[in-house]
Amino acid sequence: MYTDHVTRIVWNGIQSRWFGVLNGVKQGGVMSPILFCVYFDDLLNALVEAKVGCFIGNMFVGVLAYADDVVILAPTASAMRRLLKLCEEYAQTYSVLFNGAKSKCVVCESRSKVKALGFNRDVRFTVNDFVIDIVGSWAHLGHIISADKDDGLDIMQHSGKLIGQINSVICTFANLDPIVKTKLLKSYCLSLYGSELWDLRHTSIDKLCKSWHLGLRPVWGLPYGCHTAILQLLADTIPMYDIICQRSIMFIRRCLHCRVTLI
């Protein structure tokens with residue numbers, strides 16, 4: 001798959017000569033995440049042995065890796081710099097380039113801690129001579145992580161995505177029966193990836209539920225003021241909030257039965 005891997009570039013209908021691919025793994029390949037983990041195993045072990053990152057009890061959780069995405073968790077700025085230094089040393093030894101321009105740092109402070117310390121303004125991290133931006137929030141594996149540990153941004157992102165998906169289904173399949181359109185909405189628009197992590201008491205969830213109800217009403221030709229209970233009976237669906245709660249409960253149940261100690 002890799003020793004004889006060749007490719008070529010197609011630009012504006014013109015094809016280049018074939019040339020060998022000497023590094024990286026195939027994007028979208030089933031084996032790519034596994035091969036990446038094998039290649040990065042030495043780095044992960046080095047970070048574990050440093051013992052300066054975050055711990056849950058005696059369990060080290062200072063580094064999380066999935067496919068080509070590596071997350072470092074550290075309780076202090078000095079610990080973070082130590083772990084980044086190990087990454088730089090590994091990169092130099094194994095010809096890896098960490099993209100500092102795409103790397104971001106989110107500083108999550110304790111809610112009981114005084115926030116007037118200026119930590120967010122003064123801290124500075126680098127990797128491969130690139131300065132890592134300090135941001136208030138960033139998307140990780142599709143879920144927005146916020147410095148204040150608030151789920152509002154992630155919920156609102158899903159709400160906007162939900163509205164776009166609903167409009168797409170309604171416009172594309174405008175002439176279909178309402179029952180069919182409802183089934184399409186359920187299968188295409190209710191992935192709600194990451195909703196298991198939300199605080200179920202968050203007020204933004206109400207806005208997400210409202211977006212779902214507003215999308216269902218035109219499917220059945222119902223007026224804006226129609227009660228949601230009637231809408232749920234026609235669409236044969238439980239309330240959106242109940243769907244989110246159901247997903248959260250199932251997620252917790254799977255975690256409790258998981259054999260992985262960290263989970």
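Mentor: Contact here means heavy atoms within 4.5 Å. The model is a predicted one, in which local features need pLDDT of at least 70 and side-chain atom pairs count only at pLDDT 80 or more, while totals for chains, interfaces and linings use all residues. Residues are numbered from 1 along each chain as its sequence is written, and side-chain values use heavy atoms, with hydrogens and water left out.

Let us begin with His202, which belongs to the loop between α6 and α7. Helices (H or I, at least four residues) and strands (E, at least two) are DSSP runs, numbered from the N terminus. Setting aside neighbours within four places in sequence, His202 is in contact with Asp150, Asp151, Gly152 and Ile155. Its side chain reaches the backbone nitrogen of Gly152 at 3.4 Å. His202 counts as buried because its relative accessibility is 15%; buried means under 20% relative accessible area, exposed over 50%, and partly exposed in between, with a 1.4 Å probe and protein chains only.

Leu192 is not a glycine, yet has a positive phi of about 50°. With 3% relative accessibility, Leu192 is therefore classed as buried.

A positive phi also occurs at Lys149, where the value is near 60° in a residue other than glycine. Lys149 sits in the loop between β13 (143-146) and α5 (152-172). Its relative accessibility is 39%, so Lys149 counts as partly exposed.

Helix α3 itself covers residues 77-94; at 1.5 Å a residue, its 18 residues should span 26 Å, and the end C-alpha atoms are 26 Å apart, which agrees. The expected span is 1.5 Å times one less than the number of residues. The buried residues of α3 include Leu83, Leu84, Cys87, Glu88 and Ala91. An α-helix has 3.6 residues a turn, so residues three or four places apart point the same way.

For a view of the surface, consider Val38 in helix α1 (residues 32-39). At 60% relative accessibility, Val38 counts as exposed.

Notes
Polar contact = N/O pair within 3.5 Å; in protein donor to acceptor, adjacent residues only side chain to side chain.
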